[in-house]
Amino acid sequence: MSLFKRVANLMRRPEPPAAEKSILTLGPGDICEISLETYEVIGQSKNFRRKETFLTLQDGTRLRYLHIEDREQTEYTLYEPIDGRLDSIEEVPSTMALDGREYFLEEQYSSPVTAQGRAPHHPAGELHVWQYQSDDRKLLRIEWQEGRFLLYEGERIPAADVRTVRGR
């Protein structure tokens with residue numbers, strides 16, 4: 001190596017360290033841990049208007065979904081898909097009975113989303129969401145996008161139970 005290259009290497013600024021992955025920046029290929037279970041993130045949907053991220057998680061053959069809402073406090077909800085259907089977007093009820101549990105409409109909204117990887121949503125489009133809660137704090141989420149309904153049942157997860165294991 002020439003003397004000029006050695007001096008140039010001494011004068012060069014060191015590269016800044018790569019920013020650590022947070023749960024809010026996870027994407028397909030990353031690994032996270034939720035309530036001591038390890039999952040691979042295989043899909044991600046983002047709703048920038050509402051500051052939400054919806055991660056598709058896989059543990060073996062089991063799929064789950066982590067909904068992250070970044071508001072005053074970051075809230076985490078872990079969902080599992082359930083079978084069911086509704087006939088029309090205009091006929092989504094304000095209360096729903098499912099497996100002997102009564103759910104009450106908590107919030108309804110629609111917003112554009114972007115998706116990457118194996119997410120349940122289309123890569124770009126309008127997503128309509130109805131969020132329900134039962135008296136025993138179980139959650140139900142109904143989504144509609146481009147003529148297709150998706151239903152999920154879940155519960156809120158404490159922030160301490162969610163962590164990034166490995167980023168890309």
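1. A cavity here is a set of points, on a 1 Å grid over the protein atoms alone, where a 1.4 Å probe fits but cannot get out. Points are joined across faces, edges and corners, and a volume is the space filled by probe spheres set on them. By this rule there are two cavities of 30 Å³ or more.

2. The model is predicted: local features need pLDDT of at least 70, side-chain atom pairs count only at pLDDT 80 or more, and totals for chains, interfaces and linings use all residues. Residues are numbered from 1 along each chain as its sequence is written, and side-chain values use heavy atoms, with hydrogens and water left out.

3. The largest cavity has a volume of about 60 Å³. Its lining residues (an atom within 4 Å of a point) include Ser 45, Phe 54, His 67, Val 113 and Arg 141. β2 (37-47) and β3 (52-59) each supply at least two of the lining residues; strands are DSSP runs of E, at least two residues, numbered from the N terminus.

4. The second largest cavity, about 40 Å³ in volume, is lined by residues including Pro 120, His 122, Trp 144 and Leu 150. β9 (139-145) and β10 (148-157) are the elements giving two or more residues to this lining, and β9 gives the largest share, three residues.

5. The UniProt annotation "domain: DUF4178", from an unreviewed entry, covers residues 27-158; such annotations may be inferred rather than shown by experiment. The span is 0% helix and 68% strand, and its end C-alpha atoms lie 21 Å apart.

Conventions. Helix = DSSP H or I, 4+ residues; strand = E, 2+ residues; numbered from the N terminus. 1 Å grid on protein atoms, 1.4 Å probe; cavity = no way out; pocket = protein on both sides within 12 Å on 5 of 7 lines; lining within 4 Å.
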